[in-house]
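Here is a protein model to read together, one feature at a time.

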Amino acid sequence: MLTMNFYGHLAKDAVVRTTQSGMQVTGFDVAVNDRRKKQTYWFTVSYWGKGGANIAPMLTKGTAVVVCGNYEEEEYNGKTYKKINAFEVTLAGKKTFEPQENVQNSNSSNLDDEIPF
């Protein structure tokens, strides 16, 4: 069995499903960019159990993750699908831009006027 570790970004929000036996499985797609070849690889990830269900609310579109799991390929209608049965998913951070309001410097000359002596 081939085990892979890779870094990528989620293509859409994760979805948690429950099997007939009551086992939970979290599914999501991850895009991995190879800048050298200017190519994107797509992986369909299944994360079984409570670990997947617990992390699912944080797995939203665009989130950077590191996935460790067992790799397998499946062919359907002449197309090859890359599947990962994950045993570990780690959040790698999320780039967000939050503009900061202009903050006045606390050492401004206005403080001199407020000193009583």
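This is a predicted model: local features need pLDDT of at least 70, side-chain atom pairs count only at pLDDT 80 or more; totals for chains, interfaces and linings use all residues.

Q: What is the mean pLDDT of the protein, and where is confidence lowest and highest?

A: The term pLDDT stands for the predictor's confidence in each residue, on a scale from 0 to 100. Here the protein has a mean pLDDT of 84, with 79% of its residues at 70 or more. Helices and strands are DSSP runs numbered from the N terminus (helices H or I, at least four residues; strands E, at least two), and confidence is highest in strand 2 (residues 15-18), at 96, and lowest in helix 2 (residues 110-114), at a mean of 56. Over residues 95-106 the pLDDT is below 50, and this stretch has one contact in the model beyond near neighbours in sequence, where contact means heavy atoms within 4.5 Å.

Q: Which residues have the most contacts inside the largest nonpolar core?

A: In soluble globular proteins, nonpolar side chains tend to be buried together. A nonpolar core is a set of buried Ala, Val, Leu, Ile, Met, Phe, Trp, Tyr and Cys residues joined through side-chain atoms within 4.5 Å, and buried means under 20% relative accessible area, exposed over 50%, and partly exposed in between (1.4 Å probe, protein chains only). The largest such core in this model has 17 residues, and those with the most contacts inside it are Phe6, Phe28, Val30, Val45, Leu59, Val67 and Val89. At least two residues of this core come from each of strand 1 (2-10), strand 3 (24-34), strand 4 (39-48), strand 5 (64-76) and strand 6 (79-93). If neighbours within four places in sequence are left aside, Val89 is in contact with Phe28, Tyr47, Ile55, Leu59, Val65 and Val66.

Q: Where is Tyr41 placed, and which residues does Tyr41 touch?

A: Tyr41 lies in strand 4 and is partly exposed, with a relative accessible area of 23%. Not counting residues up to four places away in sequence, Tyr41 touches Val30, Ala31, Val32, Asp34 and Lys82. The C-alpha atoms of Tyr41 and Lys82 are separated by 8.6 Å, although the two are 41 residues apart along the chain.

Q: How many salt bridges are there by this rule?

A: A salt bridge is a side-chain nitrogen of Lys or Arg within 4 Å of a carboxyl oxygen of Asp or Glu, and by this rule the count comes to two. In one of them, Asp34 pairs with Arg36, the closest N and O atoms being 3.7 Å apart; Asp34 is buried at 13% relative accessible area, whereas Arg36 is exposed at 77%. The side chains of Lys83 and Glu74 also meet in a salt bridge (3.1 Å, N to O), with Lys83 partly exposed at 28% and Glu74 partly exposed at 35%.

Q: What is the phi of Lys38, and what is the phi of Asn77?

A: Phi of Lys38 is near 50 degrees, a positive value in a residue other than glycine, and phi of Asn77 is likewise near 50 degrees. Lys38 sits in the loop between strand 3 and strand 4 and is exposed at 78% relative accessibility, while Asn77 sits in the loop between strand 5 and strand 6 and is exposed at 69%.

Methods. Residues are numbered from 1 along each chain as its sequence is written. Side-chain values use heavy atoms; hydrogens and water are left out.
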